[in-house]
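I opened this notebook to keep track of what I looked up, one topic at a time. The entries below follow the order in which I went through the chain.

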Amino acid sequence: MGHLYATRMSTIPKSFIREILKVTEDPEVISFAGGLPNPRFFPVKEIARASSDVLAGTDVSALQYSTTEGYQPLREYIAKRYQNKKNLDISAEQILITNGSQQGLDLIGKVFIGKDDGIVIEKPAYLGAIQAFAVYEPSFYPVPLLEDGMDVEGLKNVLAEHRVKLFHTVINFQNPSGISYTQNKRKDLAEVFEQHDTVVVEDDPYGELRFAGIEPQSMWSLLDGRVVLLGSFSKTIAPGLRLGWICANREIMDKLVIAKQASDLHSNSLCQRIVHQYLLSNNVDIHIATIAAAYKKQRDTMIAVIEESFPAEVSFTRPEGGMFLWVTLPERLSALELFEHAVREKVAFVPGTPFFVDGGGANNMRLNFSNADHDMIEKGIRRLGQIMKNMIAR
């Protein structure tokens, strides 16, 4: 049946991480592979109460078809939170509720990307963005990440040589590297994009999970009307709800709404009301602070054990929030080979290669610290360290 499939299917990469997660179904495996929030902090009882409250009344509209844009009170809540927490001038009319921020990436692809259109992505890049955009057969132009954000000179060179429609960034606690763009780097990027007709996609699912440092400005406030901002409840409440959102100017929003109507009519209206009721009935800031404090302890444990157990030649990032850190092995070591040895020792991680569209990452690995307790982190990291030392000693 191969001749019946659309040619684009041959260009879409399979999710390497989803394949790795099959390995972690073994309960004996210590997994640093998934980008999973810690289920200890899922507000199960609170969501149950919110669900009961939504369904207890005589208003059955929660079970009816709804508007494409999403539940208006939830959109108003998100807009007000942006105004209060980040001083961003975003209205409810500029917000579209989506099935997680992953659908937001797909809708952006539908609206903006045609075959061979240029997209600047980070190097390494978020694998979900690579997969979502690849459906539309673009030309990817990866630009390296430095410790403070994207290499601006490298970005200027790409923009000078190619017509680029989109720039995608996970600007806070980037997946996979864990780095955050500094305030100066964000200003530098804004100055660059002021000179180009390029839409900036500011993908921010991890931004509220900050446990160190000072939060810089959003690109939304630095590039008026040129930014599409994505957010999600997956990392702060629960990923199973599959609720995220897109913020965009009204012209872009009109196109996104049309694309979503063609995709699924609207996101789950019952879940939208349940989440809104949960937010009204609970202090979400306390909830998020609890998560961030726990993740900081888990990150600190992972870093401390890495420093004790990994070979001295190994380097790694020290994220100020989020869920990941990025490890660089000596060039003579292969992360894929390390993975094969690690799986036999009941440890899993994500090798770096899938995060690069132009080759690279052979000696990199992503470690997730959010979904492992302290004992698991200590055992798993020590096992990885011993495997590395054995490989170096060969």
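My entries follow, grouped by topic.

**The model.** I note at the start that this is a predicted model, and I read every value below with that in mind.

**The sheet.** I began with the strand order and found an open sheet of eight strands, arranged as β2-β9-β8-β7-β6-β3-β4-β5, with mixed pairing. The edges are held by β2 (95-98) and β5 (149-150), and each of these has a single partner strand, so one side of each is left without a neighbour in the sheet.

**Strand β3 and its partners.** I then looked at β3, residues 118-123, and found that five of its six residues are buried, so I wrote it down as mostly covered, taking buried to mean under 20% relative accessible area. Towards β4 (residues 139-146), β3 pairs in the parallel sense over six bridges, and I noted Ser139 in β4 as the bridge partner of Gly118. Towards β6 (residues 164-170), β3 also runs parallel, joined by three bridges, with Val120 standing opposite Phe167 of β6. I followed the path of the chain as well: β3, helix α5 (residues 127-134) and β4 make a right-handed β-α-β unit.

**Strands β7 and β8.** Elsewhere in the sheet I checked β7 (residues 199-203) against β8 (residues 227-232), which run parallel and are joined by four bridges; here Val201 stands opposite Val228 in β8.

**Gln272.** Where does the side chain of Gln272 reach? I located Gln272 in helix α10, residues 269-281, and found it buried, with a relative accessible area of 1%. Its side chain reaches the backbone nitrogen of Tyr71 at 2.7 Å. Leaving aside residues up to four places away in sequence, I recorded that Gln272 touches Gly70, Tyr71, Leu74, Ile97, Leu243 and Ser267.

**Cysteines.** I searched for disulfides and the structure holds zero of them. Cys247 is in no disulfide, and the nearest cysteine sulfur, that of Cys271, is 20 Å away.

**Backbone exceptions.** Before turning to the backbone I reminded myself that most residues other than glycine have a negative phi, and most peptide bonds are trans. Against that background, a cis peptide bond joins Lys123 and Pro124, with omega about 10 degrees, and Pro124 lies in the loop between β3 and α5. The peptide bond from Asn175 to Pro176 is cis as well, with omega near 25 degrees, and I placed Pro176 in the loop between β6 and α7 (183-193).

For positive phi I noted Asp116, near 75 degrees, in the loop between α4 and β3. I also noted Lys346, whose phi is near 65 degrees; Lys346 sits in the loop between α12 (335-344) and β12 (347-348) and is partly exposed, with a relative accessible area of 28%.

Definitions and conventions:
Residues numbered from 1 in each chain as written. Predicted model: local features only at pLDDT ≥ 70, side-chain atom pairs only at ≥ 80, totals over all residues. Heavy atoms only, no water. Helix = DSSP H or I, 4+ residues; strand = E, 2+ residues; numbered from the N terminus. Buried < 20%, exposed > 50% of the residue type's maximum accessible area, 1.4 Å probe, protein only. Polar contact = N/O pair within 3.5 Å; in protein donor to acceptor, adjacent residues only side chain to side chain. Contact = heavy atoms within 4.5 Å. Disulfide = S-S within 2.5 Å. Pairing = 2+ DSSP bridges. Right-handed = clockwise from strand over helix to strand, strands pointing away.
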